[in-house]
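Colleague: I am new to this structure. Please show it first, and then take my questions.

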Protein chains: 2
Amino acid sequence: MFAKLCRPVPSINFRTVTCFRKPRQLNKYYNIIARANCSASSSFLCDKNVIFVAGLGDIGLDTSRELLKRDLKNLVILDRVDKPELVCELKELNPKVKVTFMPYDVTVPLAESKKLLKKIFDKLKCVDILINGAGILDDHKIEATIAVNYTGLVNTTTAIMDFWDIRKGGPGGIICNIGSVTGFNAITQVPVYSGSKAAVVNFTRSLAKLAHITGVTAYTVNPGITRTSLVAKFNSWLDVEPDVAELLLEHPTQSTKECAASFVKAIEKNKNGGLWFLDQGTLENITWKKYWDPCI
Amino acid sequence: MFAKLCRPVPSINFRTVTCFRKPRQLNKYYNIIARANCSASSSFLCDKNVIFVAGLGDIGLDTSRELLKRDLKNLVILDRVDKPELVCELKELNPKVKVTFMPYDVTVPLAESKKLLKKIFDKLKCVDILINGAGILDDHKIEATIAVNYTGLVNTTTAIMDFWDIRKGGPGGIICNIGSVTGFNAITQVPVYSGSKAAVVNFTRSLAKLAHITGVTAYTVNPGITRTSLVAKFNSWLDVEPDVAELLLEHPTQSTKECAASFVKAIEKNKNGGLWFLDQGTLENITWKKYWDPCI
C-alpha cells in the first residue's frame, strides 16, 4: 500500500496543492504522493523561491553559499543585521539567482512578521521553502534565548501559514527549522539553550504530522558541534562551566562548510518529518523514540 | 562502587550540604550519598518547607491536598490568582502544616522572582523543595504559552539558585518541575504547548546533571492526559483540530486525584534526574534515549 503511495505522480505539482481541499484522509494520500514526488532530487531546488531567516549567520552564511550552487529562482535573506558586503558576495555567486536582503528580528510581534511576509509574497507571488535559522547561544540571556530560538521560530512559522495553509486556499509549503543536537540530548552546561532547541524539535515534528491538514510539510536540521563564532565563546547557565566552549571544542567537530553541505543535502531530500542529524560532515535521519501515544 | 556510594550515611543532612564546597568530584560523591539518604522514604516530606508554584491549579490543588496528608512544616503556595476559599480549605486539612499563599505571576522579570523568594527565605530561613507547576494550554496564545510554561519555569529556577547554590554558600535544594508527556511525544494538535513541555523536560534533565556543581537536584513529573479544566476545552494551533479536547478524552485518562497521588509518590522517591511518567494512576520512571553525547 505504502509502496503504491510513494510512486511518483508527475501530474501533481506541490504548488497547486490548493485543489487538495478534500476530506482529511484523502489529503493525506495526496500529500504523501506530492512529497515523494518532490524528494531526493538533486535538481529539487531549481527554480525555487526560498526565504532564509538568519541566512547571514555563521551556519546560515555558508548554507546560503551552498544554496547558491543551485539555480534557485529567489533567495530572500531575512536577518537582524544587514551585512551589505556579504549580501554583495552572495549576489555575485550565482547570477541566475536573485538574492534579496530584508531586515527581520524574529522577536517582533506576529502581526509584524505577517506584514513582512506579505511584502515578500506580493513581490514573489509564491514561496516554496522557509528556513527558520535564527538562534542565539548565551545562557546568561534567558528571555532572549527563548524568544529567538523558540518563540520567534513559532511566530515566523505561524505567520507564513496565512499564505500557505491549504485550508485558506494557499498552496502549501515547506518549513525547514534549524534545531540542534542539544534538542535530543542537552549540553548540560547550557540548559536554557538546549531546552529551547528541544522545543524546536518537538514543535517541528508536530508540524510534519499536521501536513495532511495544512499542506505544509516540515523537518529539522540539527547540527552537531560546529566551529562557529557562536560556539567559540559562550556563557553557561549561572557560569556552571566557564570553559564550556573550550571543553566542547576538544572533541570532534565540523566546519560550517561541512555543516552547510549536509544542510542543503537535507533540504534536497525534502523529507516531511525528517529529523536530520548533521555531525562531523555526515547526515543521518534520526528515529525518535516513542514513549507514549496520544492516539489522536 | 555505586553500591557503596548509595549506602545510607545517617550523619549527612541535606540541609547542611554547605560544607561540601570541595573539589567537584568529591561534591558529586557526597551529593549522591545525600540524595540516596533522603530518597524513597514515606516520611521524606516530614518537616519540609515546600514552595509550590501553581499549587491552586487543577493538578496543583489536588497535589497540595495530597501533600497535606504528610506533615510538612510549611507549604507556601504561589499562584497568579488568590482563591481564599481554597487556601482556607488547605489550611484546615492538616493543622500541623503552616499553609501560606502569596501571589506570583511566573512571567515577571527574574529580579522580581528573586525579591519574592527573598521574602520567603527571610521568613522560613530554609526551603527544601520548589515545585514549578505553572502552565497554560492554549495554542492560540503562543507568547503566553512559552512565557509561562518555559521561560517562567526557567526564571523561577534561576531565581532560587541565589539561595540554594552551594557555590554561593547555599545549602542545595530540590526542584520538581511539572513537564508533560507531550514533552516526550507531542499532542500534534498543540505543537506550541508540546514544544514548551519538551523544553521543560530537556532543561530539567540538565539541572539534574549539574547537581554536583550546584548542590541542587531536579526531576520532572510528567502527567499523561488528566481530566482537568485545562484539558476539558482548549484551542489547537491555528484550529487544526477544533475538537482536540473531545478526541483526547475519548481515550483512557486519569483523574486529578490519581495524578496527585502519583505526583507526591514521585516527590517522595526524590530521584535526581527522575523522568516520571504519571499515567492512568500509575507512576513510571522513563529512560531517555541517547542520540548523541557532547562528551563534556
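This is a predicted model: local features need pLDDT of at least 70, side-chain atom pairs count only at pLDDT 80 or more; totals for chains, interfaces and linings use all residues.

Modeller: Residues are numbered from 1 along each chain as its sequence is written, chains are lettered from A and ligands numbered from 1 in the order written, and side-chain values use heavy atoms, without hydrogens and water.

Colleague: Which strands stand at the edges of the sheet in chain A?

Modeller: Strands are DSSP runs of E with at least two residues, numbered from the N terminus, and two of them pair if DSSP finds at least two bridges between them. Eight strands of chain A form an open, mixed sheet in the order S3-S2-S1-S4-S5-S6-S7-S8. Each edge strand has a single partner, so one side of it is left without a neighbour in the sheet; these are S3 (98-103) and S8 (282-285).

Colleague: In which sense do S4 and S5 of chain A pair?

Modeller: S4 covers residues 129-132 and S5 covers residues 173-178. Asn132(A) stands opposite Asn177(A) in S5(A). Over four bridges, the sense of the pairing is parallel.

Colleague: How many salt bridges are there between chain B and chain A?

Modeller: Contact (heavy atoms within 4.5 Å) links 58 residues of chain B with 58 residues of chain A. A salt bridge needs a side-chain nitrogen of Lys or Arg within 4 Å of a carboxyl oxygen of Asp or Glu. Between chain B and chain A the count is zero.
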